Amino acid sequence: MQILSLQTDDRIATMFLELDDGSRRPLPYTRLRAACRCAECMALKLQGGHIPTDGVALQTLKPIGTNALNLAFSDGHERGIYPLSYLIELTTAQ
Ligand SMILES: [Zn+2]
């Protein structure tokens, strides 16, 4: 599965992925923030902590090569690298 395009809608704090299967899938910013896999967030999760996501907004979105995005959030967290395949996975995983 490939991402054809990606939009963000700050009014509803959601990213939308348009996929090559014709679907348009929502991905709320809170879910993106909670799914961060940087060392810091992974360590927190391993210790049983949880990432506060209430009201978090997406601030910047920067391509890393052609297969990943670096996302920066309004809580100051800007280390998360999200491979495009991981973004697709997040739209389907419950
Ligand atoms: Zn993180």
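User: Let's start in the hairpin region. Which residue of strand 2 does Asp 9 stand opposite?

Analyst: Asp 9 stands opposite Thr 14 in strand 2. Strands here are DSSP runs of E with at least two residues, helices are runs of H or I with at least four, and both are numbered from the N terminus. Before going on: this is a predicted model, where local features need pLDDT of at least 70, side-chain atom pairs count only at pLDDT 80 or more, and totals for chains, interfaces and linings use all residues. Residues are numbered from 1 along each chain as its sequence is written, and side-chain values use heavy atoms, with hydrogens and water left out.

User: Good. How many bridges pair strand 1 with strand 2?

Analyst: Six, in the antiparallel sense. Two strands are taken to pair if DSSP finds at least two bridges between them. Within strand 2, Glu 18 is the bridge partner of Ser 5.

User: And what's in the turn?

Analyst: Four residues separate the two strands of that hairpin, and Ala 13 in the turn has a positive phi of about 50°, although Ala 13 is not a glycine.

User: What joins strand 2 to strand 3?

Analyst: Five bridges, with the strands running antiparallel. Phe 16 stands opposite Pro 26 in strand 3. There are four residues between the strands in this hairpin, where Gly 22 takes a positive phi near 90°.

User: Why is strand 2 largely enclosed?

Analyst: Because five of its six residues are buried, strand 2 is largely enclosed by the rest of the structure.

User: Switching topic: which residues hold the zinc ion?

Analyst: The protein donors are Cys 36 (SG), Cys 38 (SG), Cys 41 (SG) and His 77 (NE2), lying 2.1 to 2.3 Å from the ion. Donors are N, O and S atoms within 2.8 Å of the metal (3.2 Å for Na, K and Ca), and since water is not among the atoms, sites may look incomplete. In sequence, the zinc donors are spaced C-x1-C-x2-C-x35-H. Both Cys 38 and Cys 41 are buried.

User: What's the geometry there?

Analyst: Tetrahedral, because the four donor atoms subtend angles of 101 to 115° around the zinc ion. The cut-off for four tetrahedral donors is that all angles lie between 85 and 135 degrees. For reference, the ideal angle for four tetrahedral donors is 109.5 degrees.

User: Now the core. Which residues touch the most other members?

Analyst: Met 15, Leu 32, Leu 71 and Tyr 82, out of the 21 residues in the largest nonpolar core. Such a core is a set of buried Ala, Val, Leu, Ile, Met, Phe, Trp, Tyr and Cys residues joined through side-chain atoms within 4.5 Å. Strand 2 (14-19), helix 1 (29-34), strand 5 (68-73) and helix 3 (84-92) each supply at least two residues. Helix 3 gives the most, with four residues.

User: Who does Tyr 82 touch?

Analyst: Leaving aside neighbours within four places in sequence, Tyr 82 has contacts (heavy atoms within 4.5 Å) that include Leu 32, Cys 36, Leu 71, Phe 73 and Leu 87.

User: And which residues of helix 3 are buried?

Analyst: Tyr 86, Leu 87, Ile 88, Leu 90 and Thr 91. The buried residues of helix 3 pack against elements including helix 1, strand 5 and strand 6 (80-83).

User: Last one: where does Ile 51 sit?

Analyst: Ile 51 is in the loop between helix 2 and strand 4, and counts as buried at 7% relative accessibility. Skipping neighbours within four places in sequence, Ile 51 is in contact with Arg 33, Ala 34, Cys 41, Leu 44 and Lys 45.

Definitions and conventions
Buried < 20%, exposed > 50% of the residue type's maximum accessible area, 1.4 Å probe, protein only. Tetrahedral: all angles 85-135°; square planar, octahedral: opposite > 155°, others 65-115°.
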